[in-house]
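I opened the notebook to look up a few features of this model. I list them in the order I checked them.

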Amino acid sequence: MTQCIKTAIIGGGKISEQHLGSLRAIDGVEVVAICDLSPVLARFTAERFALPHWFTDYREMLSQTGPDVVHVLTPPATHDRIVRDCLAAGCHVIVEKPVALCHAGFRDLWQEADSHGLQLVENHNYRFNEPVRLLEEAVSGGRIGRVEEVEVRIALDIRGGGRYADENLPHPSHKLPAGIIHEFITHLAYLLLHFLPDGYEADIDSIAAHWRNHGGGNLFTYDDLDATVLAGTTHGRLRFSCRQWPDNFTLQVRGSDGIATAELFYPFLQVTPRRPVGQHLTPLVNALGGAWSQVGSGFGGIWSKIRNRGAYEGLSRFLELTYAALQSGQEPPVGFRQMDATSRLVDRLLAEENRI
Amino acid sequence: MKLLVTGAGGFLGRHVVKAAVQRGHQVRALLRPAAKSVPLGWQEHPQVEMVRADLRSRRGLDELLTGVDGVVHLAAAKAGDLYEQLGGTVLATENLLDAMLLGKVDRLVAISSFSVYEYLQRHAWSRLDESSPLARDPFCRDEYCQTKLVQEQLILDQATNHDWRCLVLRPGVIYGRDNLWTARLGMQAGEQWWLRTGAFAPLPLSYVENCAEAVILAAEHEGPKRRLVLNVVDNETPSQRAYGNELRRHMHPRPRVIPIPWTLMRLLARLAWLTNRIFFKGTAKVPGLLVPSRLHARCKPLRYTNRPIKAALGWQPRYTWQEGVERSLAAGDTATLPADQEKTAP
């Protein structure tokens with residue numbers, strides 16, 4: 001591969017804005033083209049991000065611009081065909097989650113990439129958000145002892161308006177096996193696996209998942225998920241709800257010596273460890289520490305807003321590391337192990353409702 | 001004529017349907033698939049045929065245009081993020097234009113907006129008309145400006161390439177029932193407080209019934225020029241203070257106004273811009289009123305004219321701005337279509 005990596009984008013929807021914005025900041029990457037079925041959207045995006053070319057046919061784009069890497073940002077149901085064509089054209093592929101609609105689909109695509117000697121990388125951006133990285137440090141540094149329980153929770157008022165609640169033109173994700181929750185399930189799964197003591201190699205003994213449509217109606221297949229996972233002695237819980245306030249994306253790890261909580265929408269990390277100040281003073285010290293974290297997160301939230309850094313901030317770090325790996329020929333930060341285990345867990349969660 | 005009216009269930013659309021019926025046209029009124037209510041008087045009206053489709057999808061659009069002589073395209077997204085507005089405004093228009101091409105419909109009236117013009121680079125109190133430059137750096141402006149510019153260009157390119165009869169209307173501020181507030185006054189802080197940015201800037205108002213008549217006259221236009229872009233502004237352009245006071249007069253309790261002089265507001269926006277540039281390399285996100293190009297687009301004092309549209313269409317705004325406010329607040333919806341509507345002139 002040459003020093004400067006040529007990248008192309010397929011799909012000009014909302015997520016492309018995040019990818020293109022992140023790619024701007026990575027040295028040695030040149031985005032050569034964007035492709036979208038809509039000519040006007042493709043041209044608009046090319047002008048907005050000063051890209052030299054735009055296309056409405058991705059095969060034409062692949063042959064004319066010869067990119068080294070392609071970002072596939074189209075709806076999940078279209079991934080299989082597009083990813084295969086990109087791999088056949090000799091391109092590494094970075095693909096939005098979920099890479100495939102089922103684990104078998106992922107394994108097929110992986111084999112295809114492997115047979116071409118190319119990388120296939122699924123976007124696990126939230127793993128690279130600052131609070132999650134700090135949480136990782138706290139856990140690996142032993143501040144909360146042995147991990148006993150991991151909970152990943154997303155509360156998002158997607159029924160209250162916006163693209164997912166649009167009844168005029170239902171979002172394509174409503175047709176996915178888990179309905180709209182399929183948009184989020186990959187994030188829940190890889191974050192859980194990442195913090196289990198055995199990580200992606202964890203042997204998951206049992207799973208119970210309750211998929212519900214509490215809000216009713218025909219638009220949503222499900223709007224609520226409550227799943228529990230048991231891996232050895234470690235308990236895991238995955239929650240998705242659109243009936244809670246405030247919106248939050250929380251990752252909580254409970255250990256033998258404390259609790260660590262990371263929040264991604266209003267970025268903060270709070271660690272409540274066992275303190276060497278005695279049984280009676282520990283609650284006071286932890287309360288003071290917690291208050292300090294909360295105040296910091298309040299100001300940090302405003303600061304992040306001013307800096308225009310939203311919940312997608314991890315995407316920049318993820319892409320930076322992925323491109324560094326592609327340039328050096330190293331294993332990308334999200335490799336087979338992570339994608340395989342994530343996809344397998346999602347399959348098992350879905351099987352609980354016989355959706356596959 | 002048989003007209004397809006997109007966005008027919010919207011604020012302007014309902015008045016346009018009524019104006020079209022009053023002028024003796026047949027109307028195919030396009031409502032969104034999930035629209036819960038049907039405007040009063042449309043059911044069973046012999047001149048109104050209701051159809052449902054979402055222009056963001058190409059599915060079913062070809063049938064919409066069967067037997068149609070012309071299209072009045074009002075559908076657009078005014079809220080949401082950039083991609084929601086691109087979908088509702090730009091992709092919807094792209095799909096509609098493709099369907100028109102297939103259906104061999106070559107007459108179009110489209111609603112654009114004053115937001116497409118450049119404001120920052122022009123002098124205060126200069127006259128804004130159809131020849132005024134368009135936004136030079138749209139990516140610094142809001143999503144509405146960006147998407148309206150793309151939409152307008154798309155329409156004009158298509159009309160030129162296929163020699164369609166096409167009128168693009170750029171209304172100023174369309175006001176009427178439930179839409180009396182305008183961002184050109186400033187900002188509402190709850191129901192009790194108004195932050196009024198400036199006092200003397202004329203407001204390019206167009207009362208919704210006046211505007212609807214202009215739209216139908218544009219659809220009927222048979223002049224020698226097949227493509228025209230026209231601003232839509234009523235005869236009077238009251239100042240921010242006059243219009244704001246008139247609104248307050250009708251409100252109980254009356255909101256309190258915090259006036260911020262235009263010069264001070266400009267200075268604040270300039271300071272915010274400099275801070276952003278120096279400390280954040282222009283990447284910080286600041287409120288729209290503190291972004292100079294957006295502030296100027298909303299509140300800069302300018303002068304307006306409606307001579308070109310009057311000359312081209314013979315349009316005469318029927319209601320004064322005070323009458324417009326009165327009608328907006330009166331009991332009964334002025335957009336309601338009486339079952340037995342008398343035709344005026346075809």
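**Entry 1. The model**

I am working from a predicted model, so local features need pLDDT of at least 70.

**Entry 2. The contact between the chains**

I started with the residues that touch. Chain A puts in 23 residues, and chain B puts in 24 residues. I then looked up the buried area. The two chains bury about 2,100 Å² between them. Carbon and sulfur atoms carry 60% of that area.

Which residues of chain A lose the most area to chain B? I noted A:Val40, A:Phe44 and A:Asn168. Together they account for 31% of what the chain A side buries.

**Entry 3. Charged and polar pairs across the interface**

I counted the salt bridges next. The rule finds four across the interface of chain A and chain B. I wrote down one of them, between the side chains of A:Glu167 and B:Lys36. Its N to O distance is 3.7 Å. With the salt-bridge limit at 4 Å, that pair is counted.

I also looked for polar contacts. Nine residue pairs turn up across the interface, both partners at pLDDT 80 or more.

**Entry 4. What the chain A side is made of**

Which element gives the most? I found α2(A), with six residues.

I then sorted the chain A side by class. I recorded seven nonpolar, seven polar and nine charged residues.

**Entry 5. Cavities**

How many cavities of 30 Å³ or more does the search find? It returns three. The largest cavity has a volume of about 90 Å³.

The largest cavity is lined by 13 residues. The closest to its centre are A:Pro98, A:Ala100, A:Thr186, A:Ser343 and A:Val346.

I checked which helices build this lining. α7 (182–195) and α10 (336–351) of chain A each supply at least two residues. α10(A) has the largest share, four residues. By class, the lining divides into six nonpolar, five polar and two charged residues.

**Entry 6. Cis peptide bonds**

In chain A, the peptide bond from A:Trp245 to A:Pro246 is cis, with omega near -5 degrees. A:Pro246 sits in the loop between β10 (234–241) and β11 (248–255) of chain A.

In chain B, a cis peptide bond joins B:His252 and B:Pro253. Omega there is about -5 degrees. I placed B:Pro253 in the loop between α6 (240–249) and β13 (256–260) of chain B.

**Entry 7. A positive phi**

B:Glu44 has a positive phi of about 70 degrees, although it is not a glycine. B:Glu44 lies in the loop between β2 (26–31) and β3 (48–52) of chain B.

Key
Residues numbered from 1 in each chain as written. Chains lettered and ligands numbered in written order. Heavy atoms only, no water. Contact = heavy atoms within 4.5 Å. Buried area = accessible area lost by both parts, 1.4 Å probe. Polar contact = N/O pair within 3.5 Å; in protein donor to acceptor, adjacent residues only side chain to side chain. Nonpolar A, V, L, I, M, F, W, Y, C, P; charged D, E, K, R; others polar. 1 Å grid on protein atoms, 1.4 Å probe; cavity = no way out; pocket = protein on both sides within 12 Å on 5 of 7 lines; lining within 4 Å. Points joined across faces, edges and corners; volume = space filled by probe spheres on them.
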